[in-house]
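Dear colleague,

Please find the structure below, together with its sequence.

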Amino acid sequence: MALSSSSSPKGIVIPVPVLVLSAAGAAIFLFFLLSSLSSSPTSCSCPTTTASTAVVQASRQQPQERISASEDDIDWVKTQIEVNGLHMQDNVLRKGINPRTRAQQLQDLIQYKGISHYEQEEEAKNHTAFPCPGELLVEQHHSNYGEPWAGGRDVFEFLAESSHLIPESRVLEIGCGTLRVGLHFIRYLNPEHFHCLERDELSLMAAFRYELPAQGLLYKRPLILKGEDMEFVRFGSGFMYDLVYASAVFLHMPDKLVWVGLERLVGRLKPLDGRLFVSHNVKFCSRLGGDECSKRLKSLGLEYMGKHTHDSLLFNHYEIWFEFRRFTM
Ligand SMILES: C[S@@+](CC[C@H](N)C(=O)[O-])C[C@H]1O[C@@H](n2cnc3c(N)ncnc32)[C@H](O)[C@@H]1O
């Protein structure tokens with residue numbers, strides 16, 4: 001005889017073991033359901049992780065909140081100087097224990113080499129694979145442009161913030177010299193995302209043999225090419241620049257070459273969002289006359305966006321910048 005404890009209204013008989021097993025299964029299911037609902041969100045690995053990963057990935061696409069120093073940063077450093085009781089008379093540096101001018105330092109290097117150094121030729125060859133000329137070691141090239149070397153940081157901050165740069169952006173500098181500005185972009189950008197066309201061999205030597213190794217930036221593999229003909233095809237294809245800039249360069253070039261350069265680079269600039277910034281003046285354009293200048297820009301697909309000034313953090317100086325974008329696809 002079949003054991004039955006209950007029967008359905010339609011008279012279907014459910015055996016007791018089946019009923020017990022069903023009840024136990026339901027209890028187990030309920031237990032897991034309740035415990036998963038009551039556990040904290042951080043201990044749940046699936047949906048929360050997916051959501052937070054999405055947030056992290058999204059935030060990587062956003063520009064960093066701030067690149068330039070804030071009011072707080074400046075207050076902080078002023079306080080540090082004050083609490084440490086630091087004083088310096090205007091324009092008078094206190095001398096160190098062995099003060100040397102650049103020229104003297106260079107003479108020391110030639111005459112005495114380093115304080116401890118290898119004498120034998122074979123030994124000397126061994127100690128480093130990458131000797132650097134004395135002129136670069138004493139940073140003679142930091143005085144090549146007549147403006148303070150530290151101004152390179154000001155230029156970077158202005159351009160990076162104005163063009164909403166992120167590390168994934170791609171940047172081309174026309175005439176990067178000894179990387180006074182470029183170093184800051186190279187440090188900030190992903191490897192291989194900084195490109196430069198520079199004509200001067202000595203500047204390029206300073207960049208490759210001193211600045212990149214001394215700043216620990218060789219791993220960023222910037223693509224820096226020697227040339228003066230505005231031949232940007234040499235940088236490869238399959239990408240567009242988010243920012244192209246010429247810092248104190250176009251004013252030293254013949255107008256004709258600037259126009260050739262603009263024509264060649266416009267197709268490499270991201271339409272609408274990409275930016276071209278030119279410092280100091282745009283006489284290559286204004287010399288043509290107002291109307292002619294606008295017509296020529298328009299024929300290339302370039303639109304003038306306005307003039308900006310940017311104050312230096314370290315000295316009483318501002319830089320003038322002219323902003324352009326590409327309006328055609
Ligand atoms: C005043 S320096 C500025 C260097 C750098 N942009 C900076 O702000 O520190 C001008 C640079 O433009 C380079 N230059 C001038 N004409 C050039 C050309 N046609 N092609 C590439 N570089 C050029 C010079 O060799 C020099 O390094």
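Helix H7 (residues 151-162) is largely enclosed by the rest of the structure, because 9 of its 12 residues are buried. (A residue is buried if 20 or more other C-beta atoms, placed from the backbone, lie within 10 Å of its own; helices are DSSP runs of H or I of at least four residues, strands are E runs of at least two, and both are numbered from the N terminus.) The buried residues include Phe 156, Phe 158 and Leu 159, and also the charged Arg 153 and Asp 154. Their cover includes helix H8 (182-188) and the strands E6 (243-246), E7, E8 and E9, where a contact requires C-beta atoms, placed from the backbone, within 7 Å. From its first C-alpha to its last, H7 reaches 17 Å, close to the expected 16 Å; the expected span is 1.5 Å times one less than the number of residues. Just after H7, His 164 adopts a positive phi of about 50°.

Please note that this is a predicted model, in which local features need pLDDT of at least 70 and side-chain atom pairs count only at pLDDT 80 or more, while totals for chains, interfaces and linings use all residues. Residues are numbered from 1 along each chain as its sequence is written.

The sheet is open and mixed, with 7 strands in the order E5-E4-E3-E6-E7-E9-E8; two strands pair if DSSP finds at least two bridges between them. E5 (223-226) and E8 stand at the edges with a single partner strand each, so one side of each lacks a neighbour in the sheet. The twist averages 20° from one strand to the next, with axes fitted to C-alpha atoms (for helices over the stretch in contact) and angles from 0 to 180 degrees between N-to-C directions.

Strand E9 (residues 318-326) runs antiparallel to E7 (residues 275-279), joined to it by 4 bridges. Its pairing with E8 (residues 302-311) is also antiparallel, over 9 bridges, and the two form a hairpin with 6 residues between them. Phe 324 of E9 stands opposite Tyr 304 and also opposite Leu 276. Elsewhere on the sheet, helix H9 (residues 201-214) lies across E4 (194-198) and E5, running at about 155° to E5.

Around the ligand there are 19 residues, of which Gly 175, Gly 177, Arg 180, Asp 200 and Ser 247 come nearest; a residue is near if its C-beta atom, placed from the backbone, lies within 6 Å.

Yours sincerely

How values were computed. Two residues are in contact if their C-beta atoms, placed from the backbone, lie within 7 Å.
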